[in-house]
Amino acid sequence: TLGAQNQEDGLKLLDNDDGHTEPGKFDGAEARAAKPGPKTGAGSYVYFAVDDSFKAGEVMQLTAEVEYFDAAPGTLGLDFDGSDANAPFSGAYTRSPVSASLAGARQWKTVKFDLRDARLNNMQNRGADFRLVVQAPEFAVRRVTLRR
C-alpha cells in the first residue's frame, strides 16, 4: 500500500532516475504519483523489488494486481524480470501481455497483469524485479499485490 508512508509487505517501492514517485492525495486517498524523468518524456516507471522469501524456483507464474488512479489518457503496462530471451537485457524487461488503457476518468481502477515465466532475479534498474510502465502525463498508484 503506497502513500506518504508506504506499507511494505514483501514488495518495496524503489526510486530510480527514470522512475520517481511522490506522495499525494487523489480523490481523497493517499497514493504515490509517478513523476516523468528527464529521459522518459511524458512517460514514467514505477519500480518494485520482491522480497527473496517470496521467490521460489527458476521460474514462476505470477499475477500482479495494481490499483491506480486513472488521472489522464494513456496506457499502463508492466515489465518484469522474465525468461523471454528476446526481451531487452536477456529478459529483464519482459512485457506482460496485458495492458490497461487510461481514459482520464479521474477514478480508482484495478488491473491484473500476467507474469508468465517470471525469474525475479533483481535484474532491472536498482535491483528491481518489475516496473509499471506509465505512458500518461499524470498517474498515481496506491496498491500493488503480487500472487503466485
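Between which strands does the loop that holds serine 96 lie? Serine 96 sits in the loop between strand S7 (94–95) and S8. The model is predicted, so local features need pLDDT of at least 70 and side-chain atom pairs count only at pLDDT 80 or more, while totals for chains, interfaces and linings use all residues. Residues are numbered from 1 along each chain as its sequence is written, and side-chain values use heavy atoms, with hydrogens and water left out.

**Overall fold and dimensions**

- The chain has eleven strands and zero helices; helices (H or I, at least four residues) and strands (E, at least two) are DSSP runs, numbered from the N terminus.
- Along the sequence the pattern reads β-β-β-β-β-β-β-β-β-β-β.
- A compact globule of 148 residues would have a radius of gyration near 15 Å, and the 14 Å of this chain agrees with that; the radius is taken over C-alpha atoms, and the globule rule is 2.2 Å times the number of residues to the power 0.38.
- Taken along the principal axes, the C-alpha atoms fill a box of roughly 40 × 30 × 25 Å.
- Among contacts with a separation of 6 or more, 77% join residues 24 or more positions apart, where contact means heavy atoms within 4.5 Å.

**Surface and charge**

- Of the 148 residues, 49% count as buried; buried means under 20% relative accessible area, exposed over 50%, and partly exposed in between (1.4 Å probe, protein chains only).
- The accessible surface of the chain is about 7,300 Å², and carbon and sulfur atoms hold 44% of this area; areas come from the Shrake-Rupley method with a 1.4 Å probe, and for residues only the protein chains shown count as cover.
- The 18 positive and 21 negative charges have mean positions 3 Å apart; Lys and Arg count as positive and Asp and Glu as negative, without His and the chain ends, and each charge is placed at NZ of Lys, CZ of Arg, CG of Asp or CD of Glu.

**Nonpolar cores**

- The largest nonpolar core has 31 residues, and Leu76, Leu115, Phe130, Leu132, Phe139 and Leu146 touch the most other members; such a core is a set of buried Ala, Val, Leu, Ile, Met, Phe, Trp, Tyr and Cys residues joined through side-chain atoms within 4.5 Å.
- At least two residues of this core come from each of several strands, including S1 (11–14), S4 (43–50), S6 (73–80), S9 (107–118) and S11 (140–147).
- S5 gives the largest share, five residues.
- A second, separate core has eight residues, including Ala29, Ala31, Ala33 and Ala71.
- Phenylalanine 139 contacts Arg32, Ala33, Ala34, Tyr68, Phe69, Ala71, Leu76, Leu102, Leu132 and Val134, leaving aside neighbours within four places in sequence.

**Leucine 76**

- Leucine 76 lies in strand S6 and is buried, with a relative accessible area of 0%.
- Asparagine 86 is ten residues from leucine 76 in sequence, and their C-alpha atoms are 21 Å apart.

- Serine 96 counts as buried because its relative accessibility is 3%.
- Not counting residues up to four places away in sequence, serine 96 touches Leu78, Phe80, Phe113 and Asp114.
- Serine 99 also lies between S7 and S8, but counts as exposed at 54% relative accessibility.
- Apart from neighbours within four places in sequence, serine 99 is in contact with Leu76 and Phe113.
- Serine 99 and valine 133 are 34 residues apart along the chain, with 9.4 Å between their C-alpha atoms.
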